[in-house]
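User: I would like to learn how to read a predicted structure, one feature at a time. Please show it to me first.

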Amino acid sequence: MGTLTYFPGCSLKDNAKRFEDAAFFVMEQLGSPLLELEKWTCCGTVYSLTSDDLMHQIAPVRNFVRAQQAGSDEIVALCAMCYNTLARTSQRINADEEERTKINAFMNKEPDYEGSVRVRHLLQVLRDNVGWATLTDKAVRSLEGLKVAAYYGCTLVRPDEVGIDDMEHPVVMADALEAVGAEPVTFPFEAECCGTYQIVDEPHLALEQSGRILRSAVRAGAHAIVTACPLCQHNLEQAVGALSEGGVEGIKNIQVVYFTELLAAALGADEGNLTPAVRDLLAACVPAEGGV
Amino acid sequence: MADEKLTQIYIMGKAYDVPVGVTIMDAMEYAGYRFIRGAGCRSGFCGACGTVYRREGEYRLEFVLACQEMVEEGMHLTQLPFTPAPRSDYTLSELDPSENVLLQHYPEVARCVSCNTCTKACPQEIEVMDYVQAALRGDLERVAELSFDCISCGLCAMRCPADIKHYHVAQMARRLHSVSDSPIPEHLKTRMGELESGAFRVELDELVSMDLDGLKAKYAKRVIEKEEVAT
């Protein structure tokens, strides 16, 4: 499979650095290192639904041009929101020659986008290219005994045309975690919205949403709720704080971590490179040093 | 110079015959403009003479420095020597060089849609949009590196559909990066030591005590750049 052309996104260079650091480690261990695009811009953040407003497709398209210049026809994203925005633009602009022509005309003296770059999420790469058996083989630290609530949110699975799995009952993240020995719990809020950027202007709405998701994971007996999105992660962390302060039982013991952090722990990341949350979680595992 | 070759350009819509092979700035002075502002170093470093032009028959605007660009037949031009872009007030030593500091002072950075119009407006050929994107994610080092050649002409800000103040953002990033992540260079320490020990006091006192005519005479005789001697 070789090297993967990786699109980070702004949050992964900022408050979600550990999401990225762990992903770099995981893919290095699996023999398909992530190679960051030398130049990239904001993904666009939210996919523009306006049919005649091509300006908001420029940011994603510019990243495709840069992948194209790097000799790659595929971008791998980690952040669920970046994945969603990039994947939808890629599908739309790859299929619509007229829109592509308009965008290329606007970009003017710059290189044209040829319309052949596709976008995948790292979880798809793990499932479709690496495979769960390889993940199991490469694991050196067992996560046995660790109960995890794989939380997908919206943008990984909706809308259907870019969803990386079944939009009602996705399994891809749970399968990845199960491959390294963790025990996924069943919880009905796995694909509910976390409240997204309402956390800025209407925090009570986001906390209510995220709180509901958290309580469901706790009821299911999870030690950790596992995410693939810096914004979901942020909202859930905020909700842990708010509900714990509100005296809701069992909430303060649940950890919110990125799926790459747990995979990195399983694939042998140094103790020193693990966050306190992940170290706490490893303590919950059945001691089985030396392999799964 | 009766045999001087002339070419026609348009300054703010009015036609002028100006000499071939001179800069826009010289051509404007030839046409009778006298610069009180909008001209500075005349060497492409100060950023005072930002200029926009269009070639005859083209729809696209081009962005240059009047002191650096030669006139061409049929150029339609005007100077944009100043951009009234607001600059954030801050005390460098009191800033926390965290990821969000640029956004706190210049929140409009988040409105960038990567249109790249700023990059196309830059007479210094800086990748302006790329440093704005780096600013968005708080990468001070990259902003500082990419914007190093910025002369603050302001043409990027004049063109931006999102009203970003690129050059002010970049200046803030360079300042933050230099105080937080870069060692103080030896030559700067040496020069600061010289200043503190009064190395240029005599020359400065001489200037302060001169009368206006004396100052004018000294200014007229100043050496701007030492002639390079071929070896």
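User: How far apart do the C-alpha centres of domain 2 and domain 3 of chain B lie?
Analyst: Domain bounds come from an automatic or database domain assignment. Here the two C-alpha centres lie 34 Å apart. Chain B has its domain 1 at 6-79, domain 2 at 92-180 and domain 3 at 186-220. Keep in mind that this is a predicted model: local features need pLDDT of at least 70, side-chain atom pairs count only at pLDDT 80 or more, and totals for chains, interfaces and linings use all residues. Residues are numbered from 1 along each chain as its sequence is written, while chains are lettered from A and ligands numbered from 1 in the order in which they are written.

User: Into which domains is chain A divided?
Analyst: Chain A has domain 1 at 4-122 and domain 2 at 134-283. Their C-alpha centres lie 25 Å apart. To see how they touch, count contacts: two residues are in contact if their C-beta atoms, placed from the backbone, lie within 7 Å. By that test, 21 residues of domain 1 of chain A are in contact with 22 residues of domain 2 of chain A. On the domain 1 side, α1 (17-29) and α3 (80-95) of chain A each supply at least two residues. Helices (H or I, at least four residues) and strands (E, at least two) are DSSP runs, numbered from the N terminus.

User: How do the residues on that domain 1 side divide by class?
Analyst: Ala, Val, Leu, Ile, Met, Phe, Trp, Tyr, Cys and Pro count as nonpolar, Asp, Glu, Lys and Arg as charged, and the others, Gly among them, as polar. The side of domain 1 of chain A that touches domain 2 has 13 nonpolar, six polar and two charged residues.

User: What about chain B against chain A: how many residues are in contact?
Analyst: Twelve residues of chain B meet twelve residues of chain A. The chain B side has four nonpolar, four polar and four charged residues.

User: At what angle do α1 and α11 of chain A pack?
Analyst: Axes are lines fitted to C-alpha atoms, for helices over the stretch in contact, and angles run from 0 to 180 degrees between N-to-C directions. For α1(A) and α11(A) (residues 259-266), the angle is about 40 degrees and the axes are 8 Å apart. That makes the pair oblique. The classes are: under 35 degrees roughly parallel, over 145 roughly antiparallel, 65 to 115 roughly perpendicular, and the rest oblique. The crossing is left-handed, meaning that the near helix is turned anticlockwise from the far one by less than a right angle (clockwise would be right-handed).

User: Which residues make the contact between α1(A) and α11(A)?
Analyst: From α1(A) come Arg18(A), Phe19(A), Ala22(A), Ala23(A), Phe25(A) and Val26(A); from α11(A) come Thr260(A), Glu261(A), Leu263(A) and Ala264(A). They divide into seven nonpolar, one polar and two charged.

User: Let me try another pair: how do α9 and α10 of chain A cross?
Analyst: The axes of α9(A) (residues 203-219) and α10(A) (residues 230-245) come within 8 Å and cross at roughly 85 degrees. That makes the two helices roughly perpendicular. Their contact has nine nonpolar, four polar and no charged residues.

User: And where do α5 and α7 of chain A meet?
Analyst: Leu123(A), Leu126(A) and Arg127(A) of α5(A) meet Val172(A), Met173(A), Asp175(A) and Ala176(A) of α7(A). Five of these residues are nonpolar, none polar and two charged. The axes of α5(A) (residues 122-130) and α7(A) come within 10 Å, crossing at roughly 60 degrees. That pair is therefore oblique.

User: Which peptide bond of chain A is cis?
Analyst: Most residues other than glycine have a negative phi, and most peptide bonds are trans. The bond joining Arg158(A) and Pro159(A) is cis, with omega about -5 degrees. Pro159(A) sits in the loop between β5 (147-150) and α7 (172-179) of chain A. In chain B, Arg42(B) has a positive phi, near 60 degrees. Arg42(B) lies in the loop between α1 (24-30) and β3 (50-54) of chain B.

User: Last one: how many helices and strands does chain A have?
Analyst: Twelve helices and eight strands. The radius of gyration of chain A is 19 Å, close to the 19 Å that the globule rule gives for 292 residues, so chain A is as compact as a globular protein of that length. That radius is taken over C-alpha atoms, and the rule is 2.2 Å times the number of residues to the power 0.38. The C-alpha trace of chain A spans about 60 × 45 × 30 Å along its principal axes.
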